[in-house]
Amino acid sequence: MKKGFKLLRIDRYIIKEFLGTYLFMIILILAIAIVFDINEKIDKFIKNNVPLEEIIYDYYLNFVPYYANLFSHIFVFLTVILFTSKFATNSEIIAMLSSGIRFRRLMIPYMISATIIATASFILSGFIIPPSNKTRIDFENKYIDSRNKVTYDNQIQFMVAPGTIVYFGDFNLETNTGGNFSIDRFDSLQLVSRLTASSVRYDSAYRWKVSDYQIRNFEGSKERIITGTELDTMLQIVPNDFVMAKFDHQMLTTPQLRKHIENGKERGLGNIQPFEVEYHSRFAAIASAFILTVIGASISARKVKGGRGLHIGSGLILSIAYIFFMTVSSSFAVKGNMSPFLAAWIPNIVFAGIAYFLYRKTPN
């Protein structure tokens, strides 16, 4: 009868080292990041008379979890390299392998630790951090740089319902008003009605008011025209559905992201690529934790000339390469024609190949 898996003392030791070093690295690097960030922004804090409680509670308490989670997979990678290279330098890896433990078995506590971190990261990025991002981004727009706050767009066209297409020549979020507005209604690709108005204003609960309007109803070969100064109409849209700020995708939970993407595709919105990249990236981050753990352990398990310095240097080079792949592929997806799914997963695809190669080369 085959016995079930049981955690050994060495497993608990590795998990403790993994998670402990991971938390230590996050605290250390974020502490340095906060110091540099304060140094960069202190002039604006003073100039705008920002209250200390807002700096602490609205900005930095939301700054820390966002950036910790954003680079969580890189922290995992460097953590594995740091403590595994210590094992190798102290000949602990050799002792483990000499006692009959195969490298494949040695990877189990690494994978358990990676699972804990990946699960926590997915929950944070999908459900907890997005609401806190809204507070942080609102703070940045108010006190640091308002250029990221989008309040205006033009040449907007999309479908609000089957057979109903709206067009805004321009729209201003601050006043909830737009100009050169039109609604086209179709029946089996046949235009049956067109409303045009010089201006439109969003009221509330999907209620829109158009001014100086003209409605042309097409009834066979006949055309009936109605004009007026003001008219209320119901449209299942709100201004934030089509006027998007640069970081809006960071403020939506994963279910909200999925719903926004589905609605955007259904309505023909042309600015949903950042939302798709963000959505797929949250899932890709789960796989990256495991891939980078395998790479880090495979690199650092060897006792080589140069010791921990060589291991850490190799890790930094691979970390920079990974971030480079992420940045380039995301840019192609947002500004080019690359699939958002492929953009999110291509770094993992490339590094999965590297992980397999290094793992196969690691002595047992």
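The axes of helix α1 (residues 9–47) and α3 come within 9 Å and cross at roughly 125°. Axes here are lines fitted to C-alpha atoms, for helices over the stretch in contact, and angles run from 0 to 180 degrees between N-to-C directions. Helices (H or I, at least four residues) are DSSP runs, numbered from the N terminus. The angle makes α1 oblique to α3. Angles under 35 degrees count as roughly parallel, over 145 as roughly antiparallel, 65 to 115 as roughly perpendicular and the rest as oblique.

The structure is a predicted model: local features need pLDDT of at least 70, side-chain atom pairs count only at pLDDT 80 or more, and totals for chains, interfaces and linings use all residues. Residues are numbered from 1 along each chain as its sequence is written, and side-chain values use heavy atoms, with hydrogens and water left out.

The crossing of α1 and α3 is right-handed. A crossing is right-handed if the near helix is turned clockwise from the far one by less than a right angle, and left-handed if anticlockwise. Contact means heavy atoms within 4.5 Å. On the α1 side, the residues that meet α3 include Y13, F18, Y22 and I29. Their partners in α3 include F75, V76, F83 and F87. The α1–α3 contact holds 14 nonpolar, 3 polar and 2 charged residues. Ala, Val, Leu, Ile, Met, Phe, Trp, Tyr, Cys and Pro count as nonpolar, Asp, Glu, Lys and Arg as charged, and the others, Gly among them, as polar.

Helix α3 also meets α7. Their axes come within 8 Å and cross at roughly 25°. The two helices are therefore roughly parallel to each other. This crossing, too, is right-handed. Among the residues in contact are H73, F77 and T84 of α3 and A289, L292 and G296 of α7. The contact of α3 with α7 has 9 nonpolar, 7 polar and no charged residues.

Helix α5 (residues 103–144) approaches helix α7 (residues 273–300) with axes within 9 Å, crossing at roughly 150°. That makes α5 roughly antiparallel to α7. The crossing of α5 and α7 is right-handed. The contact includes M107, Y110 and F122 of α5 and R282, F283 and F290 of α7. It is made up of 14 nonpolar, 5 polar and 1 charged residues.

Pockets were examined next. On a 1 Å grid over the protein atoms alone, where a 1.4 Å probe fits, a pocket is an open set of points with protein on both sides within 12 Å along at least five of seven lines; lining residues have an atom within 4 Å of a point. Grid points are joined across faces, edges and corners, and a volume is the space filled by probe spheres set on the points.

The largest pocket has a volume of about 1,300 Å³. It is lined by 44 residues, and the closest to its centre are Y66, L70, H249, Q250 and E278. Two or more lining residues come from each of α2 (52–70), α3 (72–89), α5, α7, α8 (307–335) and α9 (340–361). The lining has 23 nonpolar, 15 polar and 6 charged residues.

The second largest pocket has a volume of about 790 Å³. Of its 30 lining residues, N240, M244, D248, M251 and L252 are the closest to its centre. The elements giving two or more residues are α5 and α6 (254–267). The largest share, 6 residues, comes from α6. This lining divides into 13 nonpolar, 9 polar and 8 charged residues.
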